[in-house]
Amino acid sequence: MTTSDGFVFPADRYGLPKTDHTRWRLKVDELGKQNWIYLRNDDHLTTDPPTEYTKYQLELDSFNPPKFPKSKTPFQSAVNAFRFLTHIQEDQGTFPCQYSGPMFLLIGYVVAKYFTGVPFSEEERIEIIRYIVNRAHPVDGGWGLHTYDKSTAFGTTINYVILRILGLDRDHPAIVKARKCLHLLGGAIGNPHWGKAYLAMLNIYDWEGVNPAPPELWMLPYAAPIHPGRWWVHTRAIYLPLGYLSANRVKMELNPLLRELREEIYTKPYDSIDFSKHRNTVCGVDLYYPHTKILDAANYCLVKYEKYLRPNWLLRRASNRVVDLVMKDLENTDYLAIAPISNALNAIVVFLEKGKDSPEFQRFIYRWPDFLYLMPEGLAMNGTNGVQVWDVGFALQYAVLIGLGAMPEFRDAIIKGYRFLTRSQFVEEAVEGSFRDKRVGGFPFSTQTQGFIVSDCTSEALKAIIMVQNLPGFEFLKEEFPEERMHKSIDIILGLQNRGSFHFGSFASYEKIKATTLMEALNPAEVFGNIMVEFPYVECTDSSVLGLFYFRKFYKYKSREIDQAISDAIKYIISCQNPDGSWYGSWGVCYTYAGMFAVEALATQGYTYANSEVVRKACDYLVARQEATDGGWAENLRSNEVFSYVRHTSSQPVQTSWALIALLLAKYPDTTVIKRGVKFLMDKQQPDGSFGYNHIEGVFNHSCGIEYPNYKFYFTMKAMGMYTLAYGDGPLD
């Protein structure tokens, strides 16, 4: 395949097979579930035509959206951006997109299917191979933690193993190149903890070389500060099944392919390696978060305990406790789990405990497609089962904010999005005893089925619902989401604010902070930071302020508590500002992202460039980083890794929009700066209203990039629309 700019995918240069992309369809249900299916029957090609989104996503020749004359004003550009976004909206109200980027997600899915003997369809086998080959580093042929990372031992090992499991021959040029890269990195022995565990399950690494993850921790009293129920939800979701698999030394029977892999991925003969000496061996380019001495000491003691002291009855009892908690988690999420890593590990546990033919394991087979996502370069694994609620909430808010709700052409799109949000609110609590907080009234990041509320997603969804309900002509929608349901959302948001000894006034992501952040000293992952417990996030705090503030404008419920919560959150936001005027962003790239959210929260309380030193410093920080050549902003995700602004090679529409939104909210006085940024956006817009590729927009745990492709549509729309609200609908001078 050759792209519009003449680029030929590496998989095509190698002559690898490819499925017929005109036969793929994305199917979306009322709750936002996204499944890609392949039509083998020719009759279905006409009876089941692709949606506009499918055509757009796969860059099919049949995609022909409306084209518009070159915009003369920022508002017209904003209108055209929303026209494009609504053109690809699904009937269920969502704006689908891939949520890809991490290169360590497919390994869990592939290992789970291979371990349990579930066959791969020919279509997914072909397209996963294509995706991995196309995402290889163009110079050395390896893979990193994410698609724009340098090659690492972790990324190269696991993606090499996937390609071999899926049938790529050991002598294929892509495999030969990757193997050379892996050996230059020291071989698979340098994998971090998660990589070692996957290899051990495949019996191509020895569990003796994997640091312990004792399931007995789940038997501790909850009052214990280190109880896993106090950990960050993603970490405890992974180490729950991993504890079972590790303690029970679960591994596959050797077969000819696995014997070949033992030969291929190490720099010395497999039988000559003393794996017990390599528990802490991590390739230097992988090691983002080195072990503390406390963790090394704990691991040393745990190894001795597991080897010499643990009685079998205690192992079985701890394993049973884990299985019980796994089943509760699966009940809470309808077998999705929180994300694909924990999903895959849970699947192996359930396979071993319940059997392949059990309804419990069969439910995994039903759910696995929810994570897979097709794009022109192949079939990837999303970071969760999507970004549905997050994207719809923002898109509706910004359309209403800049006046597009008054335009009849957008009425149906806004109503569809609104109704999707109302269907996504949680109406049932989690299973008792599953270490989950209240969730009724909250909103998820992706879908209700996924099962987890998030502070900022709840706030942004609630704000979007209130904004739509109060549009002239949309008041009838209040009956579909009455004020009482909003009260439940407010209760959730207020309950998520940290009001104890941990970062008072802040908001974390999924839950309140339940243990000291000093627990990070026990972080075993080696490639991520801030994973042990919930941490306070400026962005989550900002979004929570926005949701509370907007509700307070219209309703009196818990007004005193809301006012106090907002006041405390604002104090926290101000306290987090760096001396140079910036805020560090944990979920987006990086200082432009957090700066936008922080200034927006401060603006709700009347803080502007004219009256606030905090806002002045924030604006001056952003203005100093505007590109002289084109007026845009060019921040790179490396900023998140090194905790300092890193310039990308060129200005990006999304980062430019974030900076502009902050400046507009702050009422920054130099309009020349703002106009240059807006002109950059208008110049980048395509005739159909869309924007081309934006470099990776999101990040998590400091080190891993992840894509938010719809950001380039609705944040650009917001920035250009806000300019119009501030300065009128006229051409730029």
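This is a predicted model: local features need pLDDT of at least 70, side-chain atom pairs count only at pLDDT 80 or more; totals for chains, interfaces and linings use all residues.
Me: Why is His193 called buried?

Reply: The relative accessible area of His193 is 3%, and the term applies under 20%; His193 is therefore buried. This residue belongs to helix H9, residues 193-201. Beyond its neighbours within four places in sequence, His193 is in contact with Val210, Asn211, Tyr239, Leu242, Pro524, Ala525 and Glu526.

Me: Why is Gly606 called partly exposed?

Reply: Its relative accessible area is 37%, and the class in question lies between under 20% and over 50%. Gly606 is therefore partly exposed. Gly606 sits in the loop between helix H22 (591-604) and helix H23 (613-623). Its C-alpha atom is separated by 61 Å from that of Asn203, a residue 403 places apart along the chain.

Me: How do you know that Ala224 is buried, and where is Ala224 found?

Reply: Ala224 has a relative accessible area of 16%, and the limit is under 20%, so Ala224 is buried. Ala224 is found in the loop between H9 and helix H10 (233-247). Ala224 and Ala515 are 291 residues apart in sequence, yet their C-alpha atoms are 9.5 Å apart in space.

Me: Why is strand E1 described as largely enclosed by the rest of the structure?

Reply: Four of the five residues of E1 (residues 24-28) are buried, so the description holds.

Me: How do you know that E1 and E2 pair?

Reply: Pairing requires at least two bridges, and five bridges join E1 to strand E2 (residues 34-38); the strands run antiparallel. Lys27 stands opposite Asn35 in E2. The hairpin of E1 and E2 has five residues between the strands, and Gly32 takes a positive phi near 95° there.

Me: What makes E3 and E4 a pair of strands?

Reply: The requirement is at least two bridges, and four join strand E3 (residues 372-375) to strand E4 (residues 378-381) in an antiparallel arrangement. Leu374 has Leu379 in E4 as its bridge partner. E3 and E4 form a hairpin with two residues between them.

Me: Which residues touch the most other members of the largest nonpolar core?

Reply: They are Phe104, Tyr266, Trp390, Phe528, Trp583, Tyr714 and Met717, in a core of 245 residues. This core draws at least three residues from each of domain 1 (105-209 + 219-381) and domain 2 (580-728). Tyr714 touches Leu85, Trp390, Asp391, Phe394, Ala395 and Tyr398, leaving out residues up to four places away in sequence.

Me: How do you know that domain 1 and domain 2 are in contact?

Reply: Contact means heavy atoms within 4.5 Å, and seven residues of domain 1 meet that condition with 14 residues of domain 2. The centres of the two domains, taken over C-alpha atoms, are separated by 37 Å.

Me: What do the UniProt annotations cover, and what is the helix content of each span?

Reply: The unreviewed entry gives "domain: Squalene cyclase N-terminal" for residues 81-363, a span that is 52% helix and 0% strand. The unreviewed entry also places "domain: Squalene cyclase C-terminal" at residues 389-723; that span is 48% helix and 2% strand. The end C-alpha atoms are 39 Å apart for residues 81-363 and 26 Å apart for residues 389-723.

Terms used. Residues are numbered from 1 along each chain as its sequence is written. Side-chain values use heavy atoms; hydrogens and water are left out. A nonpolar core is a set of buried Ala, Val, Leu, Ile, Met, Phe, Trp, Tyr and Cys residues joined through side-chain atoms within 4.5 Å. Buried means under 20% relative accessible area, exposed over 50%, partly exposed in between (1.4 Å probe, protein chains only). Domain bounds come from an automatic or database domain assignment. UniProt positions are given in the numbering used here, feature names are shortened, and annotations may be inferred rather than shown by experiment.
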